[in-house]
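My comments follow as numbered points, to be read alongside the model.

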Amino acid sequence: MTGEAEWFELLPPTGLQPDAVHRLLVPRVRPATHVRLDVLPDRGVARLRLRLRLRLHGSLVPPKA
């Protein structure tokens, strides 16, 4: 990222098990435009899904049904 924006931690490092679904909740709400996933050596990620709410000019955009 460039400019004045800085990375911040959404979740602390978390131990996960292989071949399992993990659902992690972010404890606090803070606006973010990017998400970075750090993977330790010799570990892999098959899929990363993020569920979020979008905001447009400070207003909540309702999800599509």
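1. Val 39 comes out as partly exposed, because its relative accessibility is 41% and the class runs between buried (under 20% relative accessible area) and exposed (over 50%), with a 1.4 Å probe and protein chains only. Val 39 sits in the segment before β1. Not counting residues up to four places away in sequence, Val 39 touches Gly 44 and Val 45, where contact means heavy atoms within 4.5 Å.

2. A word on the basis of these values. This is a predicted model, in which local features need pLDDT of at least 70 and side-chain atom pairs count only at pLDDT 80 or more, while totals for chains, interfaces and linings use all residues. Residues are numbered from 1 along each chain as its sequence is written, and side-chain values use heavy atoms, with hydrogens and water left out.

3. On the whole chain: the protein chain has 0 helices and 2 strands, taken as DSSP runs numbered from the N terminus (helices H or I, at least four residues; strands E, at least two). Of its 65 residues, 0% count as buried. The accessible surface is about 7300 Å², with 54% of it belonging to carbon and sulfur atoms; the areas are Shrake-Rupley values with a 1.4 Å probe.

4. Please look at His 22, also in the segment before β1 (55-56). His 22 counts as partly exposed because its relative accessibility is 33%. Leaving aside neighbours within four places in sequence, His 22 is in contact with Leu 16 and Gln 17. Its side chain reaches the backbone nitrogen of Gln 17 at 3.1 Å and the backbone oxygen of Ala 20 at 3.4 Å.

5. Asp 19 deserves a glance too. Its phi is near 50°, a positive value in a residue other than glycine. Asp 19 belongs to the segment before β1 and is exposed, because its relative accessible area is 86%.

6. Finally, which residues lie nearest the centre of the largest pocket? They are Leu 11, Leu 24, Leu 48, Arg 49 and Leu 50, out of 49 lining residues. A pocket here is an open set of points on a 1 Å grid where a 1.4 Å probe fits, with protein on both sides within 12 Å along at least five of seven lines, and lining residues have an atom within 4 Å of a point. The lining divides into 29 nonpolar, 6 polar and 14 charged residues, with Asp, Glu, Lys and Arg as charged, Ala, Val, Leu, Ile, Met, Phe, Trp, Tyr, Cys and Pro as nonpolar, and the others, Gly among them, as polar.

Definitions and conventions:
A polar contact is a pair of N or O atoms within 3.5 Å; within protein, one must be able to donate a hydrogen and the other to accept it, and residues adjacent in sequence count only if both atoms are side-chain atoms.
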